[in-house]
Amino acid sequence: MYQTTGTCQFCHQTQIVLMRDENYTQPEADEEATDKCKCEGATLRRKQRLSKELAEANIDSILVNHAQAADFLKQAIPIIQSYSIQNVTVQINDVSKAKLSMNQKGAFKVEKIDTLKQTLENE
Ligand SMILES: [Zn+2]
């Protein structure tokens, strides 16, 4: 372990960090310091990363046979987390669509909706 100092990218507080690789760069040390920092910005980033990982796993498990739709929804995660859009709905085929949304606590919900319509008509 190599001891150095890193600066949190949010609050700019400096702290001692331990690097595994002796060829570490300053941005890597700063990244390490940000990961450890207890400030609001760093805490929010950790929460968002965790939420993103959970959402990705849920997307994969619910859209197991629709890899491209799954990838598309995963790309929307950071956009939704930045509040640029509220949710995304993908029409996968004639029958199925998938929707990704985030609640106020920052937790994602992924839904797969299958519509089967049955019609009988008198002639
Ligand atoms: Zn910080």
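Helices, of at least four residues, and strands, of at least two, are DSSP runs numbered from the N terminus. In these terms, helix H3 is followed by tyrosine 83, whose phi is positive, near 65°. The model described here is predicted.

**Overall form**

Three helices and five strands make up the secondary structure of the protein. Read from the N terminus, the elements follow the order β-β-α-α-α-β-β-β. The protein is more spread out than a compact globule, because its radius of gyration of 21 Å is well over the 14 Å that the globule rule gives for 123 residues. Along the principal axes, the C-alpha atoms fill a box of roughly 80 × 30 × 15 Å. Of the 123 residues, 16% count as buried. Among contacts between residues at least 6 apart in sequence, 36% join residues at least 24 apart.

**The three-stranded sheet**

Strands E3, E4 and E5 form an open sheet in the order E3-E4-E5, with antiparallel pairing. Its edge strands are E3 and E5, each of which pairs on one side only. Neighbouring strands of this sheet are turned by 10° against each other on average, direction ignored. The antiparallel pairing of E3 with E4 extends over five bridges; glutamine 91 has lysine 97, in E4, as its bridge partner.

| E3 | 87–91 |
| E4 | 96–102 |
| E5 | 108–114 |

Helix H3 (residues 67–81) has 15 residues and reaches 22 Å from its first C-alpha to its last, close to the 21 Å expected at 1.5 Å a residue. Which residues of H3 are buried? They are Ala70, Leu73, Ala76, Ile77 and Ile80. These buried residues pack against helix H2 (40–62) and against the strands E3, E4 and E5.

The largest nonpolar core has twelve residues in all, including Ala55, Ile59, Leu63, Phe108 and Val110. Two or more residues of this core are given by each of H2, H3, E4 and E5. H3 supplies the largest share, five residues. Leaving aside its neighbours within four places in sequence, leucine 73 is in contact with Ile59, Val88, Val90, Ala98, Leu100 and Val110.

Methods: Residues are numbered from 1 along each chain as its sequence is written. This is a predicted model: local features need pLDDT of at least 70, side-chain atom pairs count only at pLDDT 80 or more; totals for chains, interfaces and linings use all residues. Two strands pair if DSSP finds at least two bridges between them. Axes are lines fitted to C-alpha atoms, for helices over the stretch in contact, and angles run from 0 to 180 degrees between N-to-C directions. The radius of gyration is taken over C-alpha atoms; the globule rule is 2.2 Å times the number of residues to the power 0.38. A residue is buried if 20 or more other C-beta atoms lie within 10 Å of its own, exposed if 12 or fewer, and partly exposed in between; C-beta atoms are placed from the backbone. Two residues are in contact if their C-beta atoms, placed from the backbone, lie within 7 Å. The expected span of a helix is 1.5 Å times one less than its number of residues. A nonpolar core is a set of buried Ala, Val, Leu, Ile, Met, Phe, Trp, Tyr and Cys residues joined through C-beta atoms within 7 Å.
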